[in-house]
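Colleague: I would like to learn how to read a model of this kind, feature by feature. Could we take the general idea each time, and then the case at hand?

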Amino acid sequence: MPFHESGKKKSVPEGLWAKCPKCEHIIYNKELDKNLKICSKCGHNMRVSARERIAMLLGDAFKEIASMIEPEDPLRFSDTAPYKNRLEDGQRKTGMKEAVVIGEGQLGPQRIVVGALDFGFMGGSMGSVVGEKVTMAIEYAIEHELPLLIVSSSGGARMQEGILSLFQMAKTSAALGLLEKARLPYISLVVDPTTGGVTASFAMLGDIIVAEPKALVAFAGPRVIEQTIRQTLPQGFQQSEFLLKHGMVDLVVERHQLKETLIRLFGFFMKARKNMRESGELKSR
Ligand SMILES: [Zn+2]
């Protein structure tokens with residue numbers, strides 16, 4: 001038995017080893033990083049921070065923008081803890097000012113604009129600053145005629161900012177409308193979990209929506225629905241594979257294949273755009 005003689009469970013030294021939340025297999029952290037945070041035993045895709053995600057896809061070829069914008073507490077909100085304290089916790093835990101990282105980088109041969117939400121910062125929720133930065137990323141893509149990738153992982157709109165966070169749904173969606181007018185592609189990558197106001201705005205507005213395997217992607221989560229309709233939901237309901245079968249997402253792609261898949265998709269779209277430009281169908285600005 002893996003117990004100490006005293007009967008106390010041996011603790012895992014922090015930073016060196018990690019435990020798979022699904023099968024509880026203990027994995028050497030360096031091995032886990034090499035395997036893109038996929039459990040070598042059960043194949044579970046562990047959560048990845050925004051910066052780790054960007055590093056996985058772009059390596060060092062990334063220049064962050066607007067990193068210093070900080071959230072405020074306009075409603076002086078407090079429930080179980082004051083919002084201000086929750087923000088400070090998130091900042092301390094992640095080293096980020098807010099739950100999203102945006103910037104420009106190189107994905108294979110293609111320059112892209114990328115935004116990635118970080119679930120570790122208040123559940124990746126969208127308040128005014130997250131919405132503003134996502135919008136800035138979209139506007140930056142239009143300005144520089146670059147394609148856009150947003151990686152979503154979020155509990156939804158941030159309730160501590162009330163209506164101000166709901167505004168962000170409309171704002172980001174409207175900005176994506178302008179991106180579409182500029183005929184620039186937007187790929188939305190949804191990873192576990194993506195829910196609420198983020199699902200109901202930019203996460204589901206991708207020209208192509210790519211999901212990681214077995215990710216929960218939903219507006220209201222399964223528990224809420226079951227309690228509302230008083231019925232048991234089918235197996236795998238709201239998971240990527242189910243959503244693919246029902247037309248809610250376009251592709252389910254293994255983490256190891258993500259980079260290649262995104263390079264191919266962006267290559268296809270940008271080539272089509274170049275052809276439109278050359279045939280005069282798309283005017284230069
Ligand atoms: Zn596992």
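Modeller: Let us begin with the domains, whose bounds come from an automatic or database domain assignment: the C-alpha centres of domain 1 and domain 2 lie 25 Å apart, domain 1 covering 14-44 and domain 2 covering 47-279. This is a predicted model, in which local features need pLDDT of at least 70 and side-chain atom pairs count only at pLDDT 80 or more, while totals for chains, interfaces and linings use all residues. Residues are numbered from 1 along each chain as its sequence is written.

Colleague: What radius of gyration does the protein have, and what would a compact globule with 285 residues have?

Modeller: The radius is taken over C-alpha atoms, and the globule rule is 2.2 Å times the number of residues to the power 0.38. For 285 residues a compact globule would have a value near 19 Å, and the protein, with 20 Å, agrees with that. Along the principal axes, the C-alpha atoms fill a box of roughly 75 × 45 × 45 Å.

Colleague: How many helices and strands does the protein have, and what is the strand order in the open sheet?

Modeller: Helices (H or I, at least four residues) and strands (E, at least two) are DSSP runs, numbered from the N terminus, and the protein has 9 of each. Two strands pair if DSSP finds at least two bridges between them; on that basis, 7 strands form an open sheet in the order 3-4-5-6-7-8-9, with mixed pairing. Its edges are strand 3 (62-65) and strand 9 (251-252), each of which pairs on one side only.

Colleague: In which sense do strand 4 and strand 5 pair, and in which sense do strand 5 and strand 6 run?

Modeller: Strand 4 and strand 5 are antiparallel, over 8 bridges, with Gly105 as the bridge partner of Ile112 in strand 5. Their hairpin has 2 residues between the strands, and Gly108 takes a positive phi near 60° there. Strand 5 and strand 6, by contrast, run parallel and are joined by 4 bridges, Gly115 being partnered with Ile150 in strand 6. The chain goes from strand 5 through helix 4 to strand 6 in a right-handed β-α-β crossover, a term that applies if, with the strands pointing away from the viewer, the path from the first strand over the helix to the second runs clockwise.

Colleague: Which strands does helix 4 lie across, and at what angle to strand 4?

Modeller: Angles run from 0 to 180 degrees between N-to-C directions, the axes being lines fitted to C-alpha atoms, for helices over the stretch in contact. Helix 4 (residues 128-144) lies across strand 3, strand 4, strand 5 and strand 6, at about 25° to strand 4.

Colleague: Is Ala61 buried, exposed or partly exposed?

Modeller: A residue is buried if 20 or more other C-beta atoms, placed from the backbone, lie within 10 Å of its own, exposed if 12 or fewer, and partly exposed in between. Ala61 has 14 such neighbours and therefore counts as partly exposed; it lies in the loop between helix 2 and strand 3. Contact requires C-beta atoms, placed from the backbone, within 7 Å, and, leaving aside neighbours within four places in sequence, Ala61 is in contact with Gly105 and Gln106.

Terms used. Two residues are in contact if their C-beta atoms, placed from the backbone, lie within 7 Å.
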